[in-house]
Amino acid sequence: MTDKRLEFGVGLFVLLGLAAVVYLTVKLGTGSFVAADTYPLEARFANTGGLNKGSTVMLGGVTVGRVEGIRLDPADFSAIVDMSIMREVQLPADTMASIKTSGLIGDKFVALAPGAEESFLKPSERIVMTESAVELESLISKMAFGSVKEDEETSSGEAPSAAAANSEP
Amino acid sequence: MTLKKMVLFLASAAVSFQAFAAGDPESTLREAMQEAVTVANASAGGRALADKLQPLLERRVCFESMTRRAIGPGWREFSPAQQAEATRLFTKLIIRSYSNKFTPGEEPEVKYLKGSSQGPDKIEIPTSMLYKGSRYSIVYRMENRGKWLITDILVEGVSLIANYRAQFNELFKRGGVNAVMDSLKKSVADT
């Protein structure tokens, strides 16, 4: 009798263990058991350098979707990134997509910056206002275009901006 | 010819006429560049150059949509008067920080690469520019609004609009419309 009970217990334990492994595999693979409520969007980049299937799509630092796949557009050799975005996140038509890096050498992700347009991007629409992956992008952009000034009270000891450096004496 | 076909034909004729009237984006860009260089070489640089360039660039660049896109989601909370003022200031800011990079007499050597169409009235024209011994990759994004206008510029892959949008958005979240307007005024005054 005790043998049977012991065997049953061990069997149950093994099954629970297997279930945990399956759960973890799905979770870590960024998959989901049920298809979440999302809609597809595309973005065209000149270079996706290091972005992968499963990379996150963020808006203001919040994950709002993920990369479903990356393919090449044979017409002009640009990369088309397929993304799925959460249904409740409606993006203005002039939303921009940039490929950014978390930290200095971290993972690449797609950052969305919503614009001011009244109309929204429809499912499967393509974002063409994009920025490709560059490491030193923010630095270069400050050098190339100058940066906007802030109030003295709020600025926190930032290096003098390019705009100031460029002003004529 | 049925009525439906007739209407379709007329509509497509109208569309192609519009495309024809708008001209070819690449030659528009070449013309704009040539005009700007001519004006730049005839002036002493600095602010005087910016003032001279402004009317010329306003015909070639859509500053209104640039400002709207650069300010981003906060734009809807601007009153029409504030929007007009922001556009005016942003236009000045862009032209000034641009013309500061110009050295009169230096002729840029621009190579135009094949543009890639992004839909019926959007195009991206990559160029490679040799200026004062350095080579820059500059991509012009243009849109057809009756005529081809420049709507964004990417220098070494970095978008002008994205750069400003990131900064304005942060300012807007911290201090609303006033913070954005103040920083615009400050930047224009200092540039």
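A: In this predicted model, the crossing of H5(B) and H6(B) is left-handed, and helix H5 (residues 80–99) of chain B packs against H6(B) at an angle of about 30 degrees, with the two axes 9 Å apart. On the H5(B) side the contact is formed by Gln82(B), Ala86(B), Leu89(B), Phe90(B), Lys92(B) and Leu93(B), and on the H6(B) side by Val177(B), Met181(B), Leu184(B), Lys185(B), Ser187(B) and Val188(B). Sorted by class, these residues are eight nonpolar, two polar and two charged.

Helix H6 comprises residues 160–190 of chain B, and whereas a straight helix of 31 residues would span 45 Å at 1.5 Å a residue, the end C-alpha atoms of H6(B) are only 19 Å apart. The helix bends by about 130 degrees at Gly175(B).

H6(B) also meets helix H4 (residues 63–71) of chain B, where the two axes come within 7 Å and cross at roughly 70 degrees. Angles of 65 to 115 degrees count as roughly perpendicular, and H4(B) and H6(B) are therefore roughly perpendicular to each other. Here H4(B) contributes Met66(B), Arg69(B), Ala70(B) and Ile71(B), while H6(B) contributes Ile161(B), Tyr164(B), Arg165(B), Phe168(B) and Val180(B). By class, this contact of H4(B) with H6(B) holds seven nonpolar residues and two charged ones, with no polar residue.

A further pair in chain B is formed by helix H2 (residues 25–41) and helix H3 (residues 46–60), whose axes come within 10 Å and cross at roughly 170 degrees. Because angles over 145 degrees count as roughly antiparallel, H2(B) and H3(B) are described as roughly antiparallel to each other, and their crossing is right-handed. Ala32(B), Glu35(B), Ala36(B), Val39(B) and Ala40(B) of H2(B) make this contact with Leu49(B), Lys52(B), Leu53(B), Leu56(B) and Arg60(B) of H3(B). The contact of H2(B) with H3(B) comprises seven nonpolar and three charged residues, and no polar ones.

Note on methods. Residues numbered from 1 in each chain as written. Chains lettered and ligands numbered in written order. Predicted model: local features only at pLDDT ≥ 70, side-chain atom pairs only at ≥ 80, totals over all residues. Helix = DSSP H or I, 4+ residues; strand = E, 2+ residues; numbered from the N terminus. Expected span 1.5 Å × (residues − 1). Bend = angle between axes of the 7 residues up to and from the residue. Axes fitted to C-alpha atoms, helices over the stretch in contact; angles between N-to-C directions. Parallel < 35°, antiparallel > 145°, perpendicular 65-115°, else oblique. Left-handed = near helix turned anticlockwise from the far one by under 90°. Contact = placed C-beta atoms within 7 Å. Nonpolar A, V, L, I, M, F, W, Y, C, P; charged D, E, K, R; others polar.
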